[in-house]
Amino acid sequence: MSTEQAAPLTEAAPSEAAQTRRAVGNILKGSAGNLVEWYDLYVYTVFAAYFQAHFFNSKDDLQAGLEAMAVFSTSFLMRPIGAWFFGRYADRNGRKAALTLSVTLMSAGSFAIAVLPTQDVIGIWAMVLLVLVRLLQGFSVGGEYGTSATYMSEAATSRRRGFFSSFQYVTLVGGQMLALLVLVILQNVLGNDALTEWGWRIPFALGGAAALVVLWLRRSMEETVSADQIRAAHVPVAGEAQPGTLRLLFTRHWKPLLVCIGVTLGGTVAFYTYTNFILKFMNDTSGIAKTDTSVINFWALFIFMLLQPVYGMISDKVGRKPLLLWFGITGVLFTWPLLSTLSGTKDPFTAFLLMLGGLLIVGGYTSINALVKAELFPASIRALGVGLGYAIANSLFGGTVPLIGAALQKAGQVDLFFTYVTVAIALSLLVYIFALKNKKATHLDQEQGHAWDAGKAVQPDDDGDRLAAASR
């Protein structure tokens, strides 16, 4: 009898190991593209101080910086459009095809910025062309987030979804960290004058070349969308909404879409505050040298990046909701003290500790937010739902953080910025408390295997949709 019981165990072990190896391979390919896409996006703000005079008002550094951040924010206007286009494309044609197309567009945009003529050569058209290229990149990354979040959640093994999906933000943060590393290297190799004159073009050329490598890698990714779903998307049935359409999203899945926006709102504001705007914030408000603030940002982001899988593993044990509550509660309590203290510090090590403290708070959101959103939707609408929900919140709130922060700084009202970030986190905290459940079965559980108790079923919402609980 013991022999009969042992046999299934020995058969199951290789299968589980094979699933893990398969998941690791696919997620590495998917996350490599994510790394390059976000490097190409972030390299703009990291090097803005060096190229802004070539495209904007060169007589006033603060005004030029404000205009540079305004252009950064305009790229977010394209994110909802990119999320709609690529989400629809991914739900109807597969995740692999959408991810390959998005990285191709991002590569083209980076190469374009690397060779753009400046205002000394073509006048105002330099800024116009820069805006157009950034709109293209915003369109590309608008599709990258939702599709990659969907792909990595679907490719993960059921019991380690938190761990595997956390690599989206490992590579997202890694993209910014890579941009900072390139900045530190060029600052030391070229010096300030050469970097301002022509060296700022180098990081954009590197990003374009790296995207071509990723394009080759992504061609060997495995598809996670079933052939039946792709067939259903291209064979209309009278009276039924097709996969990947706004009709299906707005008529049957509008509730999880609203939850997705609410989950994202505070997290995206806090994330862009502590990872993007904070470099300019420290440069403008402290007496710390630019070379030192770059190093501070690099090491704080490096630790933050390494902690993402740790947070993810914790969520695989305790559920997703406790981590979101950690972010929401500590974010409301400590955002103001951290940022106000940082604005007055002159010591680089103190500034590092303050930035790291903020990032430890934000990690409760970043590590698992992609998975939380992916669990809200069935496969037929997942890429569109996740991408559009994220893009709407990101465009309205996250993408405007550098612009709002820079404008309030210039007006001498930086305290209002601290309030803005705190209120945004508080709004999302309400969503975490009242709209989410912990360790409830989700659409991903039904499709890919249960992370928790297999006996728990997804309950239909008021409209009859099989809406998964937003957090587990």
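The structure is a predicted model, in which local features need pLDDT of at least 70 and side-chain atom pairs count only at pLDDT 80 or more, while totals for chains, interfaces and linings use all residues. Residues are numbered from 1 along each chain as its sequence is written, and side-chain values use heavy atoms, with hydrogens and water left out.

The protein contains 22 helices and zero strands. Of the 472 residues in the protein, 56% are buried. A residue is termed buried under 20% relative accessible area, exposed over 50%, and partly exposed in between, as computed with a 1.4 Å probe on protein chains only. Contact denotes heavy atoms within 4.5 Å. Among contacts between residues at least 6 apart in sequence, 84% join residues at least 24 apart.

In soluble globular proteins, nonpolar side chains tend to be buried together. A nonpolar core is here a set of buried Ala, Val, Leu, Ile, Met, Phe, Trp, Tyr and Cys residues joined through side-chain atoms within 4.5 Å. The largest such core comprises 108 residues, and the members that touch the most other members are Trp38, Phe47, Phe51, Leu130, Phe271 and Tyr272. Helix α14 (residues 254-285) provides the largest share of this core, with 15 residues. A second, separate core has nine residues, among them Ala23, Ile27, Leu99 and Ala155. When neighbours within four places in sequence are left aside, the contacts of Tyr272 include Trp38, Tyr42, Phe72, Phe76 and Arg79, together with Phe277, Tyr390, Asn394, Gly398 and Val401. Phe271 is also in contact with Thr366, as are Tyr169, Phe304 and Gln308, again leaving aside neighbours within four places. Thr366 is located in helix α17 (residues 348-366) and is buried, at 1% relative accessibility.

Side chains of opposite charge can pair when their charged atoms come close. A salt bridge is defined as a side-chain nitrogen of Lys or Arg within 4 Å of a carboxyl oxygen of Asp or Glu. By this rule, six salt bridges are counted. Asp91, Arg95, Glu154 and Arg382 are linked in a network of such bridges. Within it, Arg95 and Asp91 are joined at 2.6 Å, N to O. Arg95 counts as buried because its relative accessibility is 0%, and Asp91 is likewise buried, with a relative accessible area of 0%. Arg95 also pairs with Glu154, the closest N and O atoms being 2.8 Å apart. Glu154 lies in helix α7 (residues 125-155) and Arg95 in helix α5 (residues 95-115), so this pair ties together parts that are 59 residues apart in sequence. A further bridge joins Glu154 to Arg382, with the closest N and O atoms 2.7 Å apart. This pair links helix α7 to helix α19 (residues 382-398), across 228 residues. Both Glu154 and Arg382 are buried.

Arg92, in helix α4 (residues 79-93), is buried yet has no salt bridge, and the nearest side chain of opposite charge, Asp91, is 8.8 Å away. For charge, Lys and Arg count as positive and Asp and Glu as negative, whereas His and the chain ends are not counted. Not counting residues up to four places away in sequence, Arg92 touches Ile230, Ala233, His234, Gln242, Pro243, Gly244 and Thr245.

Two packed helices are described by the angle between their axes and the distance between the axes. The axes of helix α9 (residues 167-189) and helix α10 (residues 191-199) come within 7 Å and cross at roughly 115°. Leu183, Leu186, Gln187 and Val189 of α9 form this contact with Gly191, Leu195 and Gly199 of α10. Axes are lines fitted to C-alpha atoms, for helices over the stretch in contact, with angles from 0 to 180 degrees between N-to-C directions.

Ile81, found in helix α4, is partly exposed at 41% relative accessibility. Its C-alpha atom is separated by 8.2 Å from that of Leu388, 307 residues apart along the chain. Trp254 lies in helix α14 and is partly exposed at 35% relative accessibility. Trp254 and Gly385 are 131 residues apart in sequence and 8.8 Å apart in space, C-alpha to C-alpha.

Conventions. Helices (H or I, at least four residues) and strands (E, at least two) are DSSP runs, numbered from the N terminus.
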